[in-house]
Amino acid sequence: KFADVPDDAVKPEIRWNKRVAALPRDRAIDLVRDRLAPAVDAFFDRFDILAAPAAIDLPFDKAIRYPVDRYGADREAPMADYCEWLAPTYLVSITKCPALVLPCAALDDGLPVGIQLVARPGNDAILLEAAASLE
């Protein structure tokens, strides 16, 4: 859709999406079907719900496009784009698992911190029950 739009005319996120969209669709489907789906099934054979961070950074000022500083072992390598700090959410999306984010705390400045709950594909009711019990 954006193939004819010059790179300097769009936000960096759109340029990233253009590159990702250029990957062969069959390769992505095979990866999910052959590698990711069995791992997801194995996890949910043992657990009903996965609780994970909603993002890999704390909330930040709305004037900041996305955080570039990293925590932990890779602290020296800045985050390349907004997709990197959203990894916990988009990685869940490609598994076809139902997921939701609940606010679970607030920082001293009032900004919210969320927790992402994830269930096995098709187990939306269990996900909603878990979220209701946490609310």
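## Cysteines

How many disulfides does the count come to by this rule, a disulfide being a pair of cysteine sulfur atoms within 2.5 Å? The count comes to zero disulfides. Cys97 counts as buried because its relative accessibility is 10%, whereas Cys104, at 48%, counts as partly exposed; buried means under 20% relative accessible area, exposed over 50%, and partly exposed in between, with a 1.4 Å probe and protein chains only.

## Basis of the model

This is a predicted model, in which local features need pLDDT of at least 70 and side-chain atom pairs count only at pLDDT 80 or more, while totals for chains, interfaces and linings use all residues. Residues are numbered from 1 along each chain as its sequence is written, and side-chain values use heavy atoms, with hydrogens and water left out.

## Helix H5

Helix H5 spans residues 124–134, and its buried residues are Leu127, Ala130 and Ala131 (helices, H or I of at least four residues, and strands, E of at least two, are DSSP runs numbered from the N terminus). Seen down the axis of H5, these buried residues fall within an arc of 100 degrees, so they line one face of the helix; the arc is that of the directions from the helix axis to the C-beta atoms. The face turned away from the buried side carries the exposed residues Ala125, Leu128, Glu129, Ala132 and Ser133.

Note on methods. A disulfide is a pair of cysteine sulfur atoms within 2.5 Å.
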